[in-house]
Amino acid sequence: MPEIGHPKLRRLYDYWDGKRQGRKMPARADLDPLDMTFIVGNVILVDIVDRSPPRFRIRLHGTNLVQRAGYELTGKMLDELPVTEYRKLAVQSFTQVATTAEVLHGRRDRIFDGRIARYETVIMPLSDDGERVDRLIIGLIYDDEKR
């Protein structure tokens, strides 16, 4: 179990974990958006559309994250993320979770308007067949956001 600091991210992880019901990972159908209203603006939902090499489509880019980043990725391929440095990190992180089916937790820094913004993230796999990762659910919260 990762050492998740932010209470909303911990709650999202616990929700995901509870939906596994003894499986390695839950399916997308196991998750109810109404159960996640506490974090919905800070969620990214990703479809894995190709395996070799992995390619990712952003199904949902949470509104808080869109406002913070200044761009909208909902419905777009991850390749369209306009900041090369963050696109490379996202591809690497998403690929790791897609291939290992293991949760990835991290704390990172990002530059906005010349200032460092620290954030915490947790990336969790989803699988319709219980074996192959076909989606990712990601929670991401900046340190300066209200708890």
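User: What does the side chain of Asp-47 make a polar contact with?
Analyst: With the side chain of Arg-59, at 2.9 Å. A polar contact here is a pair of N or O atoms within 3.5 Å; within protein, one must be able to donate a hydrogen and the other to accept it, and residues adjacent in sequence count only if both atoms are side-chain atoms. Keep in mind that this is a predicted model: local features need pLDDT of at least 70, side-chain atom pairs count only at pLDDT 80 or more, and totals for chains, interfaces and linings use all residues. Residues are numbered from 1 along each chain as its sequence is written, and side-chain values use heavy atoms, with hydrogens and water left out.

User: Where does Asp-47 lie, and is it buried or exposed?
Analyst: Asp-47 sits in strand β1, residues 43-51. Strands (E, at least two residues) and helices (H or I, at least four) are DSSP runs, numbered from the N terminus. Asp-47 is buried, because its relative accessible area is 7% and buried means under 20% (1.4 Å probe, protein chains only).

User: What else does Asp-47 touch?
Analyst: Leaving out residues up to four places away in sequence, Asp-47 touches Arg-55, Phe-56, Arg-57 and Asp-134, as well as Arg-59 and Arg-135. Contact means heavy atoms within 4.5 Å.

User: Switching to Tyr-119. Which strand is that in?
Analyst: Tyr-119 is in strand β4, which covers residues 115-126.

User: Why does Tyr-119 count as buried?
Analyst: Because its relative accessible area is 8%.

User: And which residues does Tyr-119 touch?
Analyst: Not counting residues up to four places away in sequence, the list includes Leu-89, the run Gly-106, Arg-107, Arg-108, Asp-109 and Arg-110, and then Leu-140, Ile-141, Tyr-142 and Asp-143.

User: OK, zooming out. How many helices and strands are there?
Analyst: The protein has three helices and five strands, and from the N terminus the order is α-β-β-α-α-β-β-β.

User: How much of the protein counts as buried?
Analyst: Of its 147 residues, 46%.

Note on methods:
Buried < 20%, exposed > 50% of the residue type's maximum accessible area, 1.4 Å probe, protein only.
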